[in-house]
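Please open the model in a viewer and follow the stops below in order.

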Protein chains: 2
Amino acid sequence: MCELLAMSANVPTDICFSFSGLMQRGGNTGPHKDGWGITFYEGKGCRNFKDPLPSADSPIAKLVTEYPIKSELVICHIRQANSGAICLENTHPFIRPISGKNWTYAHNGQLADFKNKLPINNNFPIGTTDSEHAYCWLLDQLEAKQQGKGGSLCLRNLAPFIGQLCSEINKLGVFNLLLSDGDYLFSYCANNLHYITRRAPFGKASLIDAEMVVDFQQETTEKDVVTVIATQPLTDDENWHKYKPGQWVVFNGGEVVLQGQEQVN
Amino acid sequence: MCELLAMSANVPTDICFSFSGLMQRGGNTGPHKDGWGITFYEGKGCRNFKDPLPSADSPIAKLVTEYPIKSELVICHIRQANSGAICLENTHPFIRPISGKNWTYAHNGQLADFKNKLPINNNFPIGTTDSEHAYCWLLDQLEAKQQGKGGSLCLRNLAPFIGQLCSEINKLGVFNLLLSDGDYLFSYCANNLHYITRRAPFGKASLIDAEMVVDFQQETTEKDVVTVIATQPLTDDENWHKYKPGQWVVFNGGEVVLQGQEQVN
């Protein structure tokens, strides 16, 4: 299994605090030692750092922790390999330019018999993971649905359909998903996903995985809204919302803008 | 105008020396202060660092200089903006997953009336540069040519056709190009491009843009072959090969594997 982390905010916010906790799980407090990656959106562009090394030892992870890149949308993944070798092309998140936007995808879970059950026609994977294969299949389905409508894919409008596709994929195993086009952040829970929305009045929070406390009041203004999504809660003194299996939620600017519930097998 | 840099080698090689010279041109010895980016291939995966800050001041450029990432294929670009705002989505190189490979593209020059002359059907740009627009047009043409052949694009096989397309694009202005699928490195010269192939017996070389000398004999084995391509020579004590206008060259493992000459208007 892997761990997912994402942030949606209404102002550019750094993710140093949450990332500091998560990266400890990459070979230190957790077993996710088979690489890590993080995507920061800046406007329509994005920065992408990844490393097949354990995040707890990676010089690039150290740079990301120390250099406060501010962003309104971040997706991060640390990997414990179960499908596909440990190498850069198998390291999440996977970014693809779609309809004039960067779409970023990260998956937690595993899928059985995915090559037979999810046949690919158009969008071909680069690496050998079940995760990237499922991403390509998902894009094939979205493109097929939009044929004749100019072929332009809008993540927000397609969210209910993406929810159905997630449930379809989830039948092959476990499929917790983060997907973003840089504006909207789509999240789907198969079995393990939590989120917390922080807004005024801000308080303090303590990381579970590192000796670190942050007082968000010092770091924020009254209007800030910041949602963090993670496989497991990262702090032990806040109330994280636990997703139901089959639940999907779309965030924009830190707020929930759309959600739904799929049947889970 | 911008500056291009690329490397093709038969063993994983770090590009710290050449990059140290080039990054000085990004706001220090040169005027290319509007961002920079670099792609390192590792297997079928690639790392991509970019920054809209001048490379001479960028903490990420400092990381790249100090952390010797070894690669057999690297593409780098420093930007002096002439089309499109200074922002992350307008920063080269541009990477797109195509037919199961990461294709990386960097352009030096500028193109007039590109939106009318290079109509886009399928591959949509994310930013607003002439460069990314031309990349999308080029991909549209390659896909159209391969229709009915399974749609799989092979950079090496398509190289002569890519050369023709470059000359077509070059009619709109200046189009020096670097393009790679991670195995092959395609280069096209409109007006300014140079390469040098270093192999045994290796000697010393001195950077033009920084006080730095390297003795390649200390860094290499007898079998190493390393080609560096740059807009302008980076060292002042080696013989760089100057491309002819309209000339294109494909490299693999540091060696020239294919080349051709197009008519230039």
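Select the hairpin that β2(A) and β3(A) form, with two residues between the strands; A:Gly43 in the turn has a positive phi of about 65 degrees. Strands here are DSSP runs (E, at least two residues) and helices likewise (H or I, at least four), numbered from the N terminus. This is a predicted model, in which local features need pLDDT of at least 70 and side-chain atom pairs count only at pLDDT 80 or more, while totals for chains, interfaces and linings use all residues. Residues are numbered from 1 along each chain as its sequence is written, chains are lettered from A and ligands numbered from 1 in the order in which they are written, and side-chain values use heavy atoms, without hydrogens and water.

Next, colour β2(A), residues 36-42: six of its seven residues are buried (under 20% relative accessible area, 1.4 Å probe, protein chains only). Seven antiparallel bridges join β2(A) to β3(A), residues 45-51, and five join β2(A) to β4(A), residues 70-78, also in the antiparallel sense; pairing requires at least two DSSP bridges. Centre on A:Trp36, which stands opposite A:Asp51 in β3(A) and has A:Ile78 as its bridge partner in β4(A).

Now stay on A:Asp51 and show chain B: the side chain of A:Asp51 meets that of B:Arg47 in a salt bridge at 3.3 Å, N to O (a Lys or Arg side-chain nitrogen within 4 Å of an Asp or Glu carboxyl oxygen).

Conventions. Buried means under 20% relative accessible area, exposed over 50%, partly exposed in between (1.4 Å probe, protein chains only).
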